[in-house]
Amino acid sequence: MDDQDTVDKIADYVKEHQQKAGGHDWWHIYRVWQTAKILARKEKADIIVVQLAALLHDLADWKFHGEQEQVKEAGLVLKKFDIDDKTRNRVLDIIANVSFKGGKAKNKIKTIEGKVVQDSDRLDGLGAMGIARVFEYGGTKGMTMHDPTRKIRKNLNKEDYMKSASGEGTSVEHFSQKILLLKDRMNTKTAKRIAKKRHKFVEDYLKEFHKEWKLKDMK
Ligand SMILES: [Fe+2]
């Protein structure tokens with residue numbers, strides 16, 4: 001069995017075990033996986049390490065299960081499919097550091113493989129997909145869609161971001177606390193270019209949202 005066969009088998013496993021909703025379902029993983037393959041080829045990154053990290057990066061999302069659990073789960077799957085120690089460590093290092101953890105948190109991703117997976121994950125947080133996922137995630141967490149009486153806090157540290165993203169904040173706040181920060185945090189040239197377009201789409205959407213909220217379109 002060659003390496004790609006193993007990757008495809010792991011993809012089947014993830015499809016079966018991934019959560020069904022909440023913005024981190026199989027189809028999020030699938031989009032990140034496909035994007036990561038394109039970026040990996042452009043950036044000449046190790047295609048196997050990139051695919052494995054993309055497929056396993058949200059098996060247990062840290063906002064739901066805690067950071068340790070995320071790496072542990074992924075490690076168990078890699079062991080189950082007999083991935084060698086060196087590859088496993090490279091993949092787990094990416095998974096431990098790939099997630100957005102607040103506007104003030106330092107990005108610890110160093111390798112090109114990690115940068116590719118992180119960009120792919122972040123691109124799926126922007127544009128039409130990103131908007132849909134914010135509200136789907138908010139619904140899962142029981143978050144209010146929008147509350148105009150709240151002052152929006154931006155650029156949070158890890159603890160405050162975690163509280164906000166775990167249900168204390170609103171979905172509209174999540175745009176300011178994460179989604180609109182992603183464009184300037186892309187690593188690769190290709191992702192930066194695509195992020196620009198998707199960012200603009202989110203900005204336009206939010207303008208329309210607030211226009212309707214204030215009934216300005218009724219005039
Ligand atoms: Fe993700």
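This is a predicted model: local features need pLDDT of at least 70, side-chain atom pairs count only at pLDDT 80 or more; totals for chains, interfaces and linings use all residues.

**Labels and their grounds**

Modeller: Directly following H2, Lys44 adopts a positive phi of about 55°.

Biologist: What makes the length of H2 agree with expectation?

Modeller: The 18 residues of H2 should span 26 Å at 1.5 Å a residue, and the end C-alpha atoms are 25 Å apart, which agrees. The buried residues of H2 include His28, Val32, Trp33, Ala36 and Leu39. Among the elements covering the buried residues of H2 are helix H1 (3–17), H7 and H11.

Biologist: How does the span of H11 compare with the one expected at 1.5 Å a residue?

Modeller: Helix H11 (residues 189–213) has 25 residues, and the distance from its first C-alpha to its last is 36 Å, close to the expected 36 Å. Its buried residues are Thr190, Ala191, Ala195, His199, Val202, Leu206 and Phe209. The cover over these buried residues includes helix H2 (26–43), helix H7 (112–123), helix H8 (127–141) and helix H10 (171–177).

Biologist: Which atoms are the protein donors of the iron ion?

Modeller: They are NE2 of His28, NE2 of His57, OD of Asp58 and OD of Asp121, at 2.0 to 2.2 Å from the iron ion. A donor must lie within 2.8 Å of this metal, so these distances qualify. Along the chain the donors follow the spacing H-x28-H-D-x62-D. His57 belongs to the loop between helix H3 (47–56) and helix H4 (62–65), while Asp121 belongs to helix H7, so this pair ties together parts that are 64 residues apart in sequence.

Biologist: Why is the arrangement around the iron ion called irregular?

Modeller: The four donor atoms subtend angles of 87 to 175°. Water is not among the atoms, so sites may look incomplete.

Biologist: What makes His57 and Asp121 count as buried?

Modeller: Buried means under 20% relative accessible area. His57 has 0%, so it is buried. Asp121 has 14%, so Asp121 is buried as well.

Biologist: How do you know that Ser120 is buried, and what does its side chain reach?

Modeller: Ser120 has a relative accessible area of 1%, which is under 20% and therefore buried. This residue lies in helix H7. Its side chain reaches the backbone nitrogen of Ala36 at 3.3 Å, and a polar contact requires N or O atoms within 3.5 Å. Leaving aside residues up to four places away in sequence, Ser120 touches Val32, Thr35, Ala36 and Leu39.

Biologist: How many aromatic pairs does a search of the whole structure find?

Modeller: The search finds twelve aromatic pairs. One of them joins Tyr30 and Trp33, with ring centres 6.1 Å apart and planes at 85°.

Biologist: Why is the pair of Tyr30 and Trp33 called edge-to-face?

Modeller: Centres must lie within 6.5 Å, and planes over 60 degrees apart count as edge-to-face. With 6.1 Å and 85°, the pair is therefore edge-to-face. Both residues lie in helix H2, three residues apart, or about one turn of the helix. Tyr30 is partly exposed at 32%, whereas Trp33 is buried at 8%.

Biologist: What makes the pair of Phe135 and Phe175 tilted?

Modeller: Their ring centres are 5.8 Å apart and their planes are at 55°, so the pair is tilted. Phe135 is partly exposed at 24%, and Phe175 is buried at 1%. Ring pairs link Phe135, Phe175, Tyr205, Phe209 and Trp213 into a cluster.

Biologist: Why is Asp82 called exposed, and where does Asp82 lie?

Modeller: Exposed means over 50%, and Asp82 has 70%, so the label applies. Asp82 lies in the loop between helix H5 (67–80) and helix H6 (85–97), and its phi is near 55°, a positive value in a residue other than glycine.

Definitions and conventions:
Residues are numbered from 1 along each chain as its sequence is written. Side-chain values use heavy atoms; hydrogens and water are left out. Helices (H or I, at least four residues) and strands (E, at least two) are DSSP runs, numbered from the N terminus. The expected span of a helix is 1.5 Å times one less than its number of residues. Buried means under 20% relative accessible area, exposed over 50%, partly exposed in between (1.4 Å probe, protein chains only). Contact means heavy atoms within 4.5 Å. Donors are N, O and S atoms within 2.8 Å of the metal (3.2 Å for Na, K and Ca); water is not among the atoms, so sites may look incomplete. Four donors count as tetrahedral if all angles lie between 85 and 135 degrees; four count as square planar and six as octahedral if opposite donors are over 155 degrees apart and all others between 65 and 115; anything else is irregular. A polar contact is a pair of N or O atoms within 3.5 Å; within protein, one must be able to donate a hydrogen and the other to accept it, and residues adjacent in sequence count only if both atoms are side-chain atoms. Rings of Phe, Tyr and Trp (its six-membered ring) pair if their centres lie within 6.5 Å; planes under 30 degrees apart count as stacked, over 60 as edge-to-face and the rest as tilted.
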